[in-house]
Amino acid sequence: MACPEWQMTFGIAMAAILHLFSDRAGSIVQASDTTYGHIDIPWGSNPITSPLLSSSRMRVAQPGGGVTRTQKVEAIGGLTSVREHLRVCWEGDRLGRNCGRCEKCVRTKVNFLAAGHGTAPALGPLVPGEIRDLTIRSTGAHAVFAELLDETDRLDESTADDIRWLLAQPLREG
């Protein structure tokens, strides 16, 4: 039976599966979702609980909480291979491709814009009104959009207004 709260358990599931390979690798490095200032608990993966999934055979770490997603995009977003092949989406119809419309795809488009890298071909352009078409369904997704509030001075005013509008909408979990 699938867990109905995947957003709360994905980190545990990933660590459990990777522990099966502890004879080949002694460490798991999970990407940090948010900065330390925006940690959302409970959430399936965070720098507080993820290391608790370590064992004597495998260490679980979650570095990167000291920088925002936009700062991470600043560091790697200028690379052509990243811009053309980045995959963040699991919602699209085509496996291995981004849908370009879901919350995660749209948020990543905004990260690229805020980082000064413009449009990433792997995601497509940010379409006017696209942010307002989103529904935030988890406190974790809300937290990563809240991080973007710190970047609004690097975005055009309509995009910044759309982010503020989206964060003012009620959370629709489910």
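Reply: In this predicted model, the axes of α2 and α4 (lines fitted to C-alpha atoms over the stretch in contact, with angles from 0 to 180 degrees between N-to-C directions) come within 8 Å and cross at roughly 65 degrees. Helices here are DSSP runs of H or I, at least four residues long, numbered from the N terminus. The crossing of α2 past α4 is right-handed, that is, the near helix is turned clockwise from the far one by less than a right angle.

Where the two helices are in contact (heavy atoms within 4.5 Å), α2 contributes R69, T70 and V73, while α4 contributes R107, N111, F112 and A114. These residues comprise 3 nonpolar, 2 polar and 2 charged; Asp, Glu, Lys and Arg count as charged, Ala, Val, Leu, Ile, Met, Phe, Trp, Tyr, Cys and Pro as nonpolar, and the others as polar.

Helix α4 also takes part in the largest pocket. A pocket is an open set of points on a 1 Å grid where a 1.4 Å probe fits, with protein on both sides within 12 Å along at least five of seven lines, and its lining residues have an atom within 4 Å of a point. The lining has 45 residues, with W43, W90, E103, K104 and R107 nearest the centre. Two or more lining residues come from each of α1 (6-19), α2 (69-76), α4 (103-114) and α5 (139-148). Of the elements, α4 gives the most, 6 residues. By class, the lining has 20 nonpolar, 11 polar and 14 charged residues.

Mean pLDDT (the predictor's confidence in each residue, from 0 to 100) is 86 for the chain, and 96% of its residues reach 70 or more. The lowest confidence is in α1, with a mean of 82, and the highest is in helix α6 (residues 157-168), at 95.

Residues are numbered from 1 along each chain as its sequence is written, and side-chain values use heavy atoms, leaving out hydrogens and water. Local features need pLDDT of at least 70 and side-chain atom pairs count only at 80 or more, whereas totals for chains, interfaces and linings use all residues.
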